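Subject: Handing over a structure

Dear colleague,

I am passing on a structure to you, and below it I have set out what was found in it. Please keep it open beside this message as you read.

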Amino acid sequence: MTFTATVVVRPQIEVSGYQDLTVEIPNPAVSDDDVDTQVDVVREQFAELEPDDNPAIDGSVVQIDLTGTQDGDPIAGLSVTDFIYEVGSGRIVPQLDVELRGATVGDILEFDDELTELYGTREGEIAEFKVLVKGVNRRVLPDADDEWASEASEFDTLDELKTDIRRRLEAQRWSMADQAIRNGVFEQLAGLVDIDAPDSLVQEDTQQRIQDLAQRLSQQGISLEQYVQIVDGGPEAFVQQVRDAAIGGVKADLALRAIVRQESLTASDDDIDEQLRIFTEQSGAEFEELKSELTQNGALERIRSDIERGRAFDYLLEQVTIVDDEGNNIDLEDRPDHLIHDHDHDHDHDHDHDHDHGAAGTTDEASAAPESSASEDDGPDTSDETQAADDVDGEEE
């Protein structure tokens, strides 16, 4: 009896130019103005409304009765009374803000406008609007002082609140910077490879990325099928996007392996044993038992490869020039002290760069401000007309 086995052979290449990489990232520095902006975000949550005799302007908070109709028939969710609305927010239709600018109490506004994407299948249809302005108010923010800080947060003083906000902003921005550096280095590494990525490796990488993405989406309560439907271009475009990322990932991996050989960054058996001891400390497993199991299933060589590619990436970090969008150099040594331990811990687990096409959300700097229980009306109910989906992008590591 004859058996045929297919083995994927990863080509060995040589690369040059990796000592001269330059990566552009958002500047992670946090200024006093950045902190003050976030303080104002918190102050906005505790703002009080005071009647304003002046005409409404952007930022004014008006009390209105609003009716939206088509051919005289009311539109579901667009008939509200005593509705609180911020002028300039664009939360209903664009023309509403235009009409409200300059309006005073008692004004009756009538206009037509197109319904936006908020109204689902009715998007683009013309509706007639009638608005009665019943009140114009301005927001009055509390003074930013120790008394307010102790009421608005867990801190006793404004300085303590600002310190906390700064630390949060720094954590967010340096996390984004680290991701941008990784992505930039891998993208440029892929560009140094002058051969085509082997199709078998690309297919394997593509499948792994899709599996990883499906797992991450499921943790957010989203199925892969749902996600594919909201990708521009549909399923075919989605698969092509993942495949393009896989091609870059395979090429970057080939380049990392080349750097390992060219810079003599190979991992010894002792290096693997040291990594296994870390595993056993974390898992409680017996060292010899774990090593035997990993030897039998071939995982030791994968661990060796991870260590080596991690060393290659660390080597590149020592060589790469990092600049912001204005060309200013960014020194990784400027990372705030309170982030250094967390960065070192994360960095130890950050070297499996083969497959990381994951669901990623955006970072909202407003989250740097402590949460408040303050809330406001979100607007007329258009939920029956609206289909919302998160913009979940895959990121290459």
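The chain contains 11 helices and 7 strands, and please bear in mind throughout that this is a predicted model. Of the 397 residues in the chain, 40% are buried, and the accessible surface comes to about 22800 Å², with 43% of that area belonging to carbon and sulfur atoms. If you take the contacts in the chain with a separation of 6 or more, 76% of them are between residues 24 or more positions apart.

Is Ser60 buried or exposed? Ser60 counts as buried because its relative accessible area is 4%, which is under the cut-off of 20%. Leaving aside its neighbours within four places in sequence, Ser60 is in contact with Tyr85, Glu86, Val87, Val136 and Asn137.

Strand 3 and strand 4 form a hairpin with 2 residues between them, and Asp71 is in the turn. Two aspartates deserve a careful look at this point. Most residues other than glycine have a negative phi. Asp71, however, has a positive phi of about 55° although it is not a glycine, and Asp82 likewise has a positive phi of about 55° without being a glycine. Asp71 is found in the loop between strand 3 and strand 4, whereas Asp82 lies in strand 4. With a relative accessible area of 73%, Asp71 is exposed, while Asp82, at 38% relative accessibility, counts as partly exposed.

Turning to the nonpolar cores, the largest has 35 residues, and those with the most contacts inside it are Val15, Ile25, Val185, Leu189, Ile259 and Leu316. The elements that give two or more residues to this core are helix 4 (158–192), helix 5 (199–219), helix 7 (234–262) and helix 10, and the largest share, 9 residues, comes from helix 7.

Which residues are in contact with Leu316, leaving aside its neighbours within four places in sequence? They are Tyr18, Leu21, Val185, Leu189, Leu256 and Ile259, and of these Val185, Leu189 and Ile259 are also named among the residues with the most contacts inside the largest core.

Helix 10 (residues 299–319) is also the place of Gly310. Gly310 counts as buried because its relative accessible area is 2%, again under 20%. Gly310 and Leu265 are 45 residues apart in sequence, and from C-alpha to C-alpha they are 9.5 Å apart in space.

With best wishes

Conventions. Residues numbered from 1 in each chain as written. Predicted model: local features only at pLDDT ≥ 70, side-chain atom pairs only at ≥ 80, totals over all residues. Heavy atoms only, no water. Helix = DSSP H or I, 4+ residues; strand = E, 2+ residues; numbered from the N terminus. Buried < 20%, exposed > 50% of the residue type's maximum accessible area, 1.4 Å probe, protein only. Contact = heavy atoms within 4.5 Å. Areas by Shrake-Rupley, 256 points an atom, 1.4 Å probe, with all protein chains shown as cover. Pairing = 2+ DSSP bridges. Core = buried A, V, L, I, M, F, W, Y, C linked by side-chain atoms within 4.5 Å.
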